[in-house]
Amino acid sequence: MQITVNFYDKVPDEFLKFAVIVTEHHGKWVFCKHRERDTLEIPGGHREPGENIDVTAKRELYEETGAIQYELKPVCVYSVIAPDNFDGRETFGMLYYADVKVFEEELHSEIEKIILLDSLPENLTYPEIQPKLMEKAESVLMM
């Protein structure tokens with residue numbers, strides 16, 4: 001199964017279905033562990049109907065990490081083409097970077113816990129996608 005990840009400067013707003021937020025806290029990467037999975041993932045999720053994509057990013061960051069004080073920056077548009085997802089059609093999302101200063105004491109969603117790491121873990125939920133998103137965010141941030 002070949003998965004392709006592409007990056008774009010811009011696409012029409014209505015194409016953006018997801019927001020993914022590469023997140024740091026005091027120099028460590030933030031990953032989420034879903035209650036029903038043994039893997040880790042970068043915070044993010046689906047855009048709700050009528051929702052501004054920036055609002056999606058803020059909502060997902062809060063729901064999945066409990067972040068309440070942070071700096072959020074758009075990185076770029078990304079797309080994924082996966083034969084077993086969306087009938088193999090290209091799906092688009094907005095990639096963000098967040099530097100979180102303060103988290104709430106407890107999480108209120110399907111996320112069991114957040115984990116702070118120095119580098120990418122091996123047990124990623126989307127191992128063909130998430131490393132490419134992290135690499136892109138890091139390369140843009142270093143400019």
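## Arg-59 and its neighbours

The side chains of Arg-59 and Glu-60 are joined by a polar contact of 3.0 Å. A polar contact is a pair of N or O atoms within 3.5 Å; within protein, one must be able to donate a hydrogen and the other to accept it, and residues adjacent in sequence count only if both atoms are side-chain atoms. This is a predicted model: local features need pLDDT of at least 70, side-chain atom pairs count only at pLDDT 80 or more, and totals for chains, interfaces and linings use all residues. Residues are numbered from 1 along each chain as its sequence is written, and side-chain values use heavy atoms, with hydrogens and water left out.

Is Arg-59 buried or exposed? Arg-59 is buried, because its relative accessible area is 18%. Buried means under 20% relative accessible area, exposed over 50%, and partly exposed in between (1.4 Å probe, protein chains only). Leaving out residues up to four places away in sequence, Arg-59 touches His-46, Arg-47, Glu-48 and Glu-51. Contact here means heavy atoms within 4.5 Å.

## Helix 1

Arg-59 sits in helix 1, which covers residues 53-65. Helices (H or I, at least four residues) and strands (E, at least two) are DSSP runs, numbered from the N terminus. Helix 1 has 13 residues and spans 18 Å from first C-alpha to last, close to the 18 Å expected. That expected span is 1.5 Å times one less than the number of residues.

Which residues of helix 1 are buried? Among them are Ile-53, Ala-57, Leu-61 and Glu-64. An α-helix has 3.6 residues a turn, so residues three or four places apart point the same way. The cover over the buried residues of helix 1 includes strand 2 (16-25), strand 6 and strand 7 (91-103).

Both ends have a detail to find. At the start of helix 1, a side-chain oxygen of Asn-52 comes within 2.7 Å of the backbone nitrogen of Asp-54. Just after helix 1, Gly-66 has a positive phi of about 80°.

## Salt bridges

A salt bridge is a side-chain nitrogen of Lys or Arg within 4 Å of a carboxyl oxygen of Asp or Glu. How many salt bridges are there? The count is ten.

Asp-118 and Lys-28 form one, at 2.9 Å from N to O. This pair links distant parts of the chain, 90 residues apart: Asp-118 is in the loop between strand 8 and helix 2 (130-141), and Lys-28 is in strand 3. Asp-118 counts as exposed because its relative accessibility is 58%. Lys-28 is partly exposed, at 30%.

Lys-33 and Glu-112 meet in a salt bridge of 3.0 Å, N to O. That pair also links distant parts: Lys-33 is in strand 3 and Glu-112 in strand 8, 79 residues apart. Lys-33 is buried at 12%, while Glu-112 is partly exposed at 38%.

Asp-99 and Lys-101 form a salt bridge too, with the closest N and O atoms 2.8 Å apart. Salt bridges that share partners join Glu-48, Glu-51, Arg-59, Glu-60 and Glu-63 into one network.

## A buried serine

Ser-79 lies in strand 6 (residues 67-81). Why does Ser-79 count as buried? Ser-79 counts as buried because its relative accessibility is 0%. The Ser-79 side chain makes a polar contact of 2.6 Å with the side chain of Glu-90.
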